[in-house]
Amino acid sequence: SGFVDVDGIAATGCECERWDGTGPPPAVGVDADCDGVVDDSSAFVYVTTTGSDANEGTLVKPMRTIPKALLRGSATGRDVLVARGVYDGAVNVLAGVSIFGGYRADFRDRNLGLYPVVLERSDGVPGQPVLTCTDVTATTRIEGLTVVATAAARAGDGSTAVYSDGCDASVTFAAITVLAARGATGSRGKDSSDRLAELGLTNLGELAGTNGTDGRAAPNVD
């Protein structure tokens, strides 16, 4: 089911996997709809580690970075397909532009296990989110990525791999592997003597308060 015997040779079996046009295609630059004709490859923005952001993002001239490819996809109404490799993080999800990883370098095969797409931050900002989704409410799917967090460096800072704020159920994260990193130690609190002025006190002795009366009721005196 889902495969077609295009060449009509029983010995080769049903060698072509049919794509129904939804989600990521199983392969690009081949006969994905199994009609015997190599498909047009202009429906997506392609990203490879050997590409260039000066390119148009076609199959022959892919782009290099995912953020730039997302901008191109948003401007042209195309989703983004990413080939195996390690890419710079700080990726902000854009409404309506899906990201599909797990492709071979030539996009002729897709296998999330064989062709992992790894996002890492290399901008020298430790602990900050690698993949961010903010206020996206249009149908968007992020699939087939490994997100590697960076350890926090400053006291009191945390480490975040994926951050989502205001993105509703129309945004789907699927087959995302998150590799955590360490948060930093807590920042040192103020000594009590450093906060006397804030409390309206002049010395530590005043922290003890003043003596009051006991809790017994005073007798009635006419």
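I began with the surface, where V162, F173 and V178 make a nonpolar patch of about 210 Å²; patches here join nonpolar side chains (Val, Leu, Ile, Met, Phe, Trp, Tyr) within 5 Å, from residues with over 30% relative accessible area and no salt bridge. I noted that F173 lies in strand β12, residues 171-179, strands being DSSP runs of E with at least two residues, numbered from the N terminus. F173 counts as partly exposed because its relative accessible area is 33%, the class between buried (under 20%) and exposed (over 50%), with a 1.4 Å probe and protein chains only.

I kept in mind that this is a predicted model, in which local features need pLDDT of at least 70 and side-chain atom pairs count only at pLDDT 80 or more, while totals for chains, interfaces and linings use all residues. Residues are numbered from 1 along each chain as its sequence is written, and side-chain values use heavy atoms, without hydrogens and water.

For confidence, I looked up pLDDT (the predictor's confidence in each residue, from 0 to 100), which averages 86 over the protein chain, with 88% of the residues scoring at least 70.

I then turned to T140, which is found in strand β10, residues 140-148, and counts as buried because its relative accessibility is 1%. Leaving out residues up to four places away in sequence, I found that T140 touches several residues, among them V93, S98, S170 and T172, a contact meaning heavy atoms within 4.5 Å. The C-alpha atoms of T140 and S98 are separated by 5.0 Å, although the two residues are 42 apart along the chain.

Methods. Helix = DSSP H or I, 4+ residues; strand = E, 2+ residues; numbered from the N terminus. Patch = residues over 30% accessible without salt bridge, like charges linked within 9 Å, V, L, I, M, F, W, Y side chains within 5 Å. Areas by Shrake-Rupley, 256 points an atom, 1.4 Å probe, with all protein chains shown as cover. Salt bridge = Lys/Arg side-chain N within 4 Å of Asp/Glu carboxyl O.
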